[in-house]
Amino acid sequence: GGGGGGGAEGRRKPTASSQVALLVQALQNGDSVMLDQALQVQDAHVVSATVARLPVTAVLPFLQAVLHRIQGKPARVATLASWLRALLSTHAAYLMSCSQLLPLLTPLYQLIDERLGVFKPLLKLVGRMQMLQAQIASQAAASQQDGAPSSDPLRTYDEAAEERAAEEEEEEGEEEFDEEEGEEDDDDDDSDLDDLDDDDDDEFDDL
């Protein structure tokens, strides 16, 4: 019977009261295992209620403990963010009066800046990958409409097609050039005729 009761106790949902007692005891004893156990709770209501009930003397040590874990393992920021956010918002007035706050938060600021520095190029890469996927999808759709076998591998660059397109552009350019030369020759002929007409008029006047 006692074993069953212990199992039920272990499965009982954490409450703010139990979490406050656990956190205070862990901070007083310097028990990292017990503190990590308390920080595993992610229920937003329990987290906010627990932080609100913390005694003022435990606020700064708890903040130090959370920041220490984030600095040691930045990957844990996702699980500790709810605790940190609740702590900074609930006890903002008290923390702003602590001279130790800025030195404590400086590494956190640096960590956030580093993450943002990586995030921006990552966004650009994601955008380019989406463009590439859209191009491949449009090529696949065009191939299916043209009756091309779907088993052919998709290529984002067709060298033969590019060469044919380049040759066609060169031929069109040569034709346009020939037409322009022809127009220039016509203009020259017209100007020559005009000169002959002017000469005839001069000779007629002399007569």
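Which residues does valine 46 touch, not counting residues up to four places away in sequence? I looked this up and found Pro14, Thr15, Ala16, Gln19 and Val41; contact here means heavy atoms within 4.5 Å.

I noted the basis of the entries. This is a predicted model, in which local features need pLDDT of at least 70 and side-chain atom pairs count only at pLDDT 80 or more, while totals for chains, interfaces and linings use all residues. Residues are numbered from 1 along each chain as its sequence is written, and side-chain values use heavy atoms, with hydrogens and water left out.

**Valine 46.** I placed valine 46 in helix H4, residues 44-53. Helices are DSSP runs (H or I, at least four residues), numbered from the N terminus. The relative accessible area of valine 46 is 7%, so the residue is buried (under 20% relative accessible area, 1.4 Å probe, protein chains only).

**Threonine 50.** Threonine 50 is also in helix H4. I read a relative accessibility of 0%, and therefore threonine 50 counts as buried. Leaving aside neighbours within four places in sequence, threonine 50 is in contact with Ala16, Gln19, Val20, Leu23 and Trp83.

**Tryptophan 83.** I followed that last contact. With residues up to four places away not counted, tryptophan 83 touches Gln19, Leu23, Ala38, Leu39, Val41, Gln42, Val47, Thr50, Val51 and Phe62.

**Core.** I then looked up the largest nonpolar core, which has 34 residues; Phe62, Leu63 and Trp83 have the most contacts inside it. Such a core is a set of buried Ala, Val, Leu, Ile, Met, Phe, Trp, Tyr and Cys residues joined through side-chain atoms within 4.5 Å. At least two residues of this core come from each of H2 (16-29), H3 (32-39), H4, H5 (56-72), H6 (77-90) and H8 (101-145). H5 gives the most, nine residues.

**H5 and H6.** I took the axes, lines fitted to C-alpha atoms over the stretch in contact, with angles from 0 to 180 degrees between N-to-C directions. The axes of H5 and H6 come within 10 Å and cross at roughly 155 degrees. H5 is therefore roughly antiparallel to H6 (angles over 145 degrees). The contact is made by Val59, Phe62, Leu63, Val66, Leu67, Arg69 and Ile70 of H5 and by Val77, Leu80, Trp83, Leu84, Leu87 and Leu88 of H6.

How values were computed. Buried means under 20% relative accessible area, exposed over 50%, partly exposed in between (1.4 Å probe, protein chains only). Angles under 35 degrees count as roughly parallel, over 145 as roughly antiparallel, 65 to 115 as roughly perpendicular and the rest as oblique.
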